[in-house]
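Biologist: Before the model is discussed, I would ask that each term be set against its rule. Please take the terms one at a time.

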Amino acid sequence: MIHLAKEDIRHTLGKFTVTAMGVGMLLGIVLIMIGVYRGMIADAEVLLKDLDVDLWIVQEGTLGPFAEASRIHEDLKYTLKGYDAIEKCEAITFQNIQMPKAEKQISALAIGYDIYGAINPINPHRLIAGRVLKSEHYEIVVSDKTLFKLGDKIKLGRNFYTVVGVTHGTVNSGGDPLVYLSLKDAQELQFTYSNKRVQTDRARGIINRDGHLVNAIVATVKPTYTLNSVAGELEKWLHKSVYTRAKQKEVLTKFVVEKASKQIGLFTVILVGVSTIIIALIIYTMTLEKMKEISIMKLIGLPNFTIVKMIVEETLLLGVMAFVFGNIFSHLIYDKFPKHVQLEASDALMLFIIVVIASIFASFIGVKKVISADPTAAIGG
Amino acid sequence: MSTNQAIKVENLNKSFGRGDTFVDVIHDASFTINKGELVALIAPSGAGKTTLLMMLGCVNEPNSGTIYLGDEKVYENRWLTKETRKIRREKIGFIFQAHYLIPFLNIMDNLTLLPQTNGVDTKESQAKARELLHYFDIADKESVMPSQLSGGQNQRVAIARALMNNPEIILADEPTAALDMSRSTAVVKMLKKIAVEQDVAIVMVTHDDRMLEYCDRIMKIEDKKVVFEK
Ligand SMILES: Nc1ncnc2c1ncn2[C@@H]1O[C@H](COP(=O)(O)OP(=O)(O)OP(=O)(O)O)[C@@H](O)[C@H]1O
Ligand SMILES: [Mg+2]
């Protein structure tokens, strides 16, 4: 049996391929954008996974340090340790810092933790050089993404910090690298005022006692207790907001990544829409170019089905080819992006289904043209 | 009903438009064309030759009357079948002034498309196509594209295409208009031969009086009426 779509495409292969490549690039960008979103979620979870804690105790009425400022007293951890249900708990700080490197400033998220504590945010599997923090002062562990090397000295606040360890794959939801400091250093960086401020405060009779603030207390719960009830209990007694691991993940994805996902979602919808319109227009012009032949085919008695099948198959093939090109394109360029792009097969599959459906829609105007074509149009009365 | 009848038309009427745009084209036409006959259809431009041909070919719908193709009544004030296209692809061969081959199909595929749609086996339709290409002296062209053939060669392929479905009727609208004298004569002679050998009724529109001598009868449209000469 003669395959009309195949023969027609073979006849216009160059144009067809170039179109498929063009649409493919759009679809590739769609894949990249979904990948950026996946990357953000994955990045956001790095810290949660590495910390591996069950509960987050943060300032009352706040969503916690990932979403907004949260200040809480370090001493709270001693109170918590008194609870039966709590296995381990530690104070932790988070702050965005700028690290000077040559002429540039490198943004990073600094995590302060008690180096003698039971909970360590540095995942030893991610350590690719050096060691974790051993001294309470002036040591720093950095993500390799900062480009700092072991032994480098970084000026933060008033002091120089020596790089003692380098980790890999450690970033926050914004793609900024993570660095790790001792809790004391971090508190000093975050909460101590300048000498001048301290002097004026003293002159006014204000004595700064806030050196022992942290941003959150993290805790693990003994396996015999249920997480949600412990969280509820603590919330009631401590007058703090308490989030379980799942809830904290939700805060991260819902409140922190949500805007980005909406933006990316909207871009994706627009790009898929644009791709559909391009495919539809190409198929439409390809159909218009064939109107004479289509009239003749109808006149000599070929059923509409044969002709419509050709149009729909061409559209589907264009969509599928564009999808394949899109995948090749996205895999070629994804690692050139500054943000972590995570391409997932399930997203590609979803896009494939969308492209197939969009292609069927795109073929409609061509098909309509075929059905309404006058068989005697070509022979001109 | 004689079994020799290929086309029978009774009281056929066709007009276009309404009110200001109304044109009466064919008025109360009645005639019979037999198998094996080559009938020339001549009339001035705009007289309704193509319109008549397209009604016989179940492409354009008349306003009223009756049409038989072979022994089958296909039209009586309305189409008697929903599938006029099926009648076309099974019973009728069309030839036009231009070849209208499908440019993205090679010669073989152009010829076998319709029979294959009719359910004829690929091998069988290809054998038939080869036979016809041989008959038309273009046996070596089966795998080339129409754009690689000359006008005359393409026109021969177009005639071959009209024969592929073993039609009972061939409707040819100025098949020689684009050809020079000697080629025109060759085509008309060929049509005559086909009419006789394959027992097909052929209605051929022509503006060229020199072609008339090869035709069995001459049909004219005079003042909206269909009349015969000779
Ligand atoms: N679809 C249509 N709508 C309105 N009028 C039409 C239509 N088709 C044909 N006509 C009119 O019908 C008349 C006959 O047209 P037709 O094409 O059959 O003439 P013809 O004899 O084939 O002419 P030519 O020798 O130029 O091909 C003309 O007046 C034409 O304008
Ligand atoms: Mg005409």
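Modeller: A salt bridge is a side-chain nitrogen of Lys or Arg within 4 Å of a carboxyl oxygen of Asp or Glu. This is a predicted model, in which local features need pLDDT of at least 70, side-chain atom pairs count only at pLDDT 80 or more, and totals for chains, interfaces and linings use all residues. Residues are numbered from 1 along each chain as its sequence is written, chains are lettered from A and ligands numbered from 1 in the order in which they are written, and side-chain values use heavy atoms, with hydrogens and water left out.

Biologist: What makes A:Glu45 and A:Lys49 a salt bridge?

Modeller: The closest N and O atoms of A:Glu45 and A:Lys49 are 3.8 Å apart, and the limit is 4 Å. Both residues lie in helix H2 of chain A, 4 residues apart, about one turn of the helix; helices (H or I, at least four residues) and strands (E, at least two) are DSSP runs, numbered from the N terminus.

Biologist: Why is A:Glu45 called buried, and why is A:Lys49 called exposed?

Modeller: Buried means under 20% relative accessible area, exposed over 50%, and partly exposed in between (1.4 Å probe, protein chains only). A:Glu45 has 13% relative accessibility, so A:Glu45 counts as buried. A:Lys49 has 58%, so A:Lys49 counts as exposed.

Biologist: How do you know that A:Arg38 forms a salt bridge with A:Asp347?

Modeller: Their closest N and O atoms are 2.8 Å apart. A:Arg38 lies in helix H2 (residues 13-51) and A:Asp347 in helix H11 (residues 345-372) of chain A, so the pair ties together parts that are 309 residues apart in sequence. A:Arg38, at 29% relative accessible area, is partly exposed, whereas A:Asp347, at 4%, counts as buried.

Biologist: What makes A:Lys290 and A:Asp8 a salt bridge?

Modeller: Their side chains meet at 2.5 Å, N to O. A:Lys290 lies in the loop between helix H8 (258-289) and H9 of chain A, and A:Asp8 in helix H1, so this pair ties together parts that are 282 residues apart in sequence. Both A:Lys290 and A:Asp8 are buried. A network of salt bridges links A:Asp8, A:Lys290 and A:Glu314. Over all chains, the rule gives 28 salt bridges.

Biologist: Why is A:Ser182 called buried, and what does its side chain reach?

Modeller: A:Ser182 has 1% relative accessibility, so A:Ser182 counts as buried. A:Ser182 sits in strand S9 (residues 178-182) of chain A. Its side chain reaches the backbone oxygen of A:Glu136 at 2.6 Å. That value falls within the limit for a polar contact (a pair of N or O atoms within 3.5 Å; within protein, one must be able to donate a hydrogen and the other to accept it, and residues adjacent in sequence count only if both atoms are side-chain atoms).

Biologist: How many salt bridges does the rule find across the interface of chain A and chain B?

Modeller: The rule finds 0 salt bridges there, while 6 residue pairs are in polar contact, both residues at pLDDT 80 or more. Helix H1 (4-11), helix H9 (291-300) and helix H10 (304-333) of chain A each supply at least two residues of the side that touches chain B. The largest share of that side, 7 residues, comes from H9(A).

Biologist: Why is chain B called as compact as a globular protein of its length?

Modeller: Chain B comes to 6 helices and 10 strands. Its radius of gyration is 17 Å, close to the 17 Å that the globule rule gives for 230 residues, so chain B is as compact as a globular protein of that length. The radius is taken over C-alpha atoms, and the globule rule is 2.2 Å times the number of residues to the power 0.38.
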